[in-house]
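Please find below a colleague's note on the model. The points go from the whole chain to single residues.

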Amino acid sequence: MLITFEGIDGAGKSTQVKKLRKALTESGREVLTIREPGGTDVAEKIREILLESKNEITPVGELLLFSASRAELVQQVIRPALAAKKVVIVDRFHDSTTAYQGYGRGLDREMLQRINDIATFGLKPDRTFFLDLSPEDALIRKFSEKSIPLAFEESELDRMERSGLDFYRRVRNGYLELAKREKTRFVMLDASEPPERIHRKIWQKLMAACNGEPVPESRAHR
Ligand code: TYD
């Protein structure tokens, strides 16, 4: 089974990934967790290029770098793990590209769709948990996590985080559109709720998706 987590920076994805990993492991499943971009030697190098704040990258270049990183990850890590019947949890996948490069940077959605299909080799998540939070709240949360005072220096932010509040508003709207379009796959959660409550909802949704059966092998592996 392939599970992805989505949301703007600071929405609390990594906390939920850890909680879900623990719960699935305790229920006897073999779990692999990964975060994008990254996950292979080459993808980690691409991640550095993408996030290094001094790098100037054009929107199309950015799209292709995220996609190159994903293609490596899918071929080298995700597909083999699904074939070995592991539950794979990915912190960001192709929906991030649609939300950030499509809605955020304004790239053509049809082109984006084609590139997403190439980079994922057609692999689709079985469930996508979208943690929804306003960009304002996310920013405050992110800074308090990093102990950055609100009167921060721009240099404390990575290249993506420097994109500004309007960019994050567009990204959030993108996610909301996606959630509306794919009602079964997308599970929208209010990220301002306490983490434990969010986790319980995720667990219930996952169990409901499996009809009370043990979490199945990936339907996405084809
Ligand atoms: P990261 O530090 O992993 O952020 P987070 O903890 O919020 O996931 O940095 C990844 C950044 O890259 C984040 O700002 C989202 C962005 N991103 C895209 O713009 N497009 C993509 O396809 C992916 C996977 C990430």
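1. Basis. This is a predicted model, in which local features need pLDDT of at least 70 and side-chain atom pairs count only at pLDDT 80 or more, while totals for chains, interfaces and linings use all residues. Residues are numbered from 1 along each chain as its sequence is written, and side-chain values use heavy atoms, with hydrogens and water left out.

2. Elements. The protein has 8 helices and 5 strands, which are DSSP runs (helices H or I, at least four residues; strands E, at least two) numbered from the N terminus. Their order from the N terminus is β-α-β-α-α-β-α-α-β-α-α-β-α.

3. Overall dimensions. The radius of gyration is 17 Å, which agrees with the value near 17 Å for a compact globule of 222 residues; it is taken over C-alpha atoms, and the globule rule is 2.2 Å times the number of residues to the power 0.38. Along the principal axes, the C-alpha atoms fill a box of roughly 50 × 35 × 30 Å.

4. Of the 222 residues, 49% are buried (under 20% relative accessible area; exposed is over 50% and partly exposed in between, with a 1.4 Å probe and protein chains only). Among contacts (heavy atoms within 4.5 Å) with a separation of 6 or more, 79% are between residues 24 or more positions apart.

5. Helix α1. Its 14 residues (13-26) should span 20 Å at 1.5 Å a residue, and the end C-alpha atoms are 20 Å apart, which agrees; the expected span is 1.5 Å times one less than the number of residues. K13, Q16, V17, L20, A23 and L24 are buried in α1. These residues cover an arc of only 135 degrees around the axis, so they are on the same side of α1; the arc is that of the directions from the helix axis to the C-beta atoms. K18, K22 and E26, on the other side, are exposed. The cover over the buried residues of α1 includes β1 (2-6), β2 (31-35), β3 (87-91), β4 (127-132) and α8 (195-209). G28, with a positive phi near 95 degrees, follows α1.

6. Cores. Which residues touch the most other members of the largest nonpolar core? They are I3, F5, L20, L24, Y100, F129 and Y175, in a core of 37 residues. A nonpolar core is a set of buried Ala, Val, Leu, Ile, Met, Phe, Trp, Tyr and Cys residues joined through side-chain atoms within 4.5 Å. Helix α7 (residues 165-181) gives the largest share of this core, 6 residues. Another core, of 11 residues, lies apart from it and has I78, V88, F93 and L123 among its members.

7. L20. Leaving aside neighbours within four places in sequence, L20 is in contact with I3, F5, I89, H199, I202, W203 and L206.

8. Backbone exceptions. Most residues other than glycine have a negative phi, and most peptide bonds are trans. The E36 to P37 bond is cis, with omega near -10 degrees, and P37 is in the loop between β2 and α2 (41-51). K85, not a glycine, has a positive phi of about 65 degrees. K85 lies in the loop between α3 (59-83) and β3 and is partly exposed, at 45% relative accessible area. F121, also not a glycine, has a positive phi of about 55 degrees. F121 is in the loop between α5 (109-120) and β4 and counts as partly exposed, at 36% relative accessibility.
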